[in-house]
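Please examine the sequence and the model before turning to the points below.

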Amino acid sequence: MKNSFLYFLSKYLNTHLPLTVGASSNTIKAYSDTFKLFFLFAKEKYNLNPKKIEFETIDKKFVIEFSTWISKTRKSSESTKNLRLSNIKGFFSYIQTEVPSLVLHAQTIIQIPKKKTERKVVEYISTDGIKLILEQPDNNSLLEKKHLIILSFMYATGARVQEVIDVTINDFRYNNIDSVKLKGKGNKARLVPLENQMIAMLKKYIEYEKNSRVFFNPDDLLFLNKSGMQFTRQGIGYIVKKYSAMARKINSKLIPSNVHPHTFRHSRAMALLEDKFVKLSDTIDIEWGKTTFGPLTMVDAHASPFKKVSFQHI
């Protein structure tokens, strides 16, 4: 074997993570990105091509230098540095079982401590702020109507951005119950309860998509971009930032300067803790053919966080 390091790295990324661990594509990509940077560092710092890197090359000093390098050249935060370090340590944990002779060497890498980081204050948007954002899409624009559905879905379910991207038509009312199946980190699926009005919104949206898509299959993605392709994380982020910026121009006190998809998830959680739920009202109607439904707007609903979201019939 000419290069055992590259052999085991390939085996780790292509076999162990997806098949043995069952890691998601995002997790595998994060590991892959770490080693891409690792190779770039080796080239810039030591003029080493990947083929010349062996396990003996990667000692404690080498890894610490890599961590410093990504901080200076990539402007990485401490949390990002810790993530890269964790990915490298994860690989060497795997090596311990695959190559027992390298256990001691692997332990020198695994025992590198993480940097302490300050816990950031979770930023969220108030119920009034969410309402303002959801009032921004133009009812006369088909594209913006779809954006409103996506924003409403994100907030109603508290879904992560990748869960929004990956949700399929069949995931809605999974097993004929009033819920949507979301597949989260580590490919773990969970069912999120939906109330009648959210179900009605999605039914009408799906019916429209059924008649407008060139090919329609229940296994297809629920949300497609304007090109009829799967959304990217950047695409969902653009939608969130676009309407958040519009809302911020109206009332900067309600909308933070940096809103991202996860802000909706945090906001949803805070609304539940504060006993303030989202429900549908007739303040804004969206027409799909001869049917209408409204976006999510904020109201008080004194309910337990463990109950379903309360929606008002239009």
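Predicted model: local features only at pLDDT ≥ 70, side-chain atom pairs only at ≥ 80, totals over all residues.

Residues are numbered from 1 along each chain as its sequence is written, and side-chain values use heavy atoms, with hydrogens and water left out.

**Confidence**
- The protein chain has a mean pLDDT (the predictor's confidence in each residue, from 0 to 100) of 84, and 85% of its residues reach 70 or more.
- Residues 280-286 have a pLDDT below 50, and this stretch makes 32 contacts (heavy atoms within 4.5 Å) beyond near neighbours in sequence in the model.
- Residues 288-314 also have a pLDDT below 50, with 102 contacts beyond near neighbours in sequence in the model.

**Overall make-up**
- The protein chain contains eleven helices and six strands; these are DSSP runs, numbered from the N terminus, with helices being H or I of at least four residues and strands E of at least two.
- Of the 314 residues in the protein chain, 43% are buried, meaning under 20% relative accessible area with a 1.4 Å probe, protein chains only.
- Among contacts between residues at least 6 apart in sequence, 65% join residues at least 24 apart.

**Helix α4**
- Helix α4 spans residues 78-98, which is 21 residues, and reaches 30 Å from its first C-alpha to its last, close to the 30 Å expected at 1.5 Å a residue; the expected span is 1.5 Å times one less than the number of residues.
- Its buried residues include L85, I88, F91, F92 and I95.
- The cover over the buried residues of α4 includes α1 (4-21), α2 (25-46), α3 (60-73) and α5 (103-110).

Key. Buried < 20%, exposed > 50% of the residue type's maximum accessible area, 1.4 Å probe, protein only.
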